[in-house]
Amino acid sequence: MNRFLSHATNRIDAKGRVSVPSAFRSVLSDGGVRELYCFQDFVFPAISVGGPELLDRFERQMAAEDPFSPEANEMSLLVHGGGVFVKLDPEGRLMMTDFIRDFTGISTDVMFVGRGDYFQLWEPQVFQKAQAAAREGRKSRGLRPE
């Protein structure tokens, strides 16, 4: 498996750590990812997580713009100002920092949500509502999976 798929909920331990689901750790390991780039999602109250290539993708987009343009400045505020690098501990746990908790509202449980080449950290009830709204939005527009 080379994609982050599905979702899983894990509890934060007493030391503020949460175990990354084994399927997600396998994708990271297979990709040789040792350091995770995390950023505050542009739309949802979620933290998006991927390898350094995720940051590289955004920086390539910014490099294509005039560095002083409003677009490049906005992207830098979101990508650089709203991002951090983190590492998993040897047991595959992620520290739930204030950076993550404050932006997402996560308190005791974390929903890990696959998004293809990256994954996200959500407060579980917020994710369930967002997913239901997305499903309803597609349904109301008459869109179905092919």
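Buried here means under 20% relative accessible area, and partly exposed lies between that limit and 50%; the legends below describe a predicted model.

**View 1. Strand β7 in its enclosed setting.** Strand β7 spans residues 109-114, and because 6 of its 6 residues are buried, the strand is largely enclosed by the rest of the structure. Asp 109, Met 111 and Val 113 point one way from β7, whereas Val 110, Phe 112 and Gly 114 point the other way.

**View 2. The strands that pair with β7.** Strand β1 (residues 7-11) pairs with β7 in the antiparallel sense over 5 bridges, and Asn 10 stands opposite Val 110. Strand β8 (residues 119-122) also pairs with β7 in the antiparallel sense, over 4 bridges, with Met 111 opposite Trp 122. The hairpin formed by β7 and β8 has 4 residues between its strands, and Gly 116 in the turn has a positive phi of about 90°.

View 3. Asp 117 lies in the loop between β7 and β8 and Arg 57 in helix α2 (residues 52-63), so the pair ties together parts that are 60 residues apart in sequence. Asp 117 is partly exposed at 33% relative accessible area, and Arg 57 is likewise partly exposed, at 30%.

View 4. The side chains of Glu 91 and Arg 93 meet in a salt bridge of 2.9 Å, N to O. Arg 93 counts as buried because its relative accessibility is 18%, which falls under the 20% limit. Salt bridges that share partners join Asp 89, Glu 91 and Arg 93 into one network.

Definitions and conventions
Residues numbered from 1 in each chain as written. Predicted model: local features only at pLDDT ≥ 70, side-chain atom pairs only at ≥ 80, totals over all residues. Heavy atoms only, no water. Buried < 20%, exposed > 50% of the residue type's maximum accessible area, 1.4 Å probe, protein only. Helix = DSSP H or I, 4+ residues; strand = E, 2+ residues; numbered from the N terminus. Pairing = 2+ DSSP bridges. Salt bridge = Lys/Arg side-chain N within 4 Å of Asp/Glu carboxyl O.
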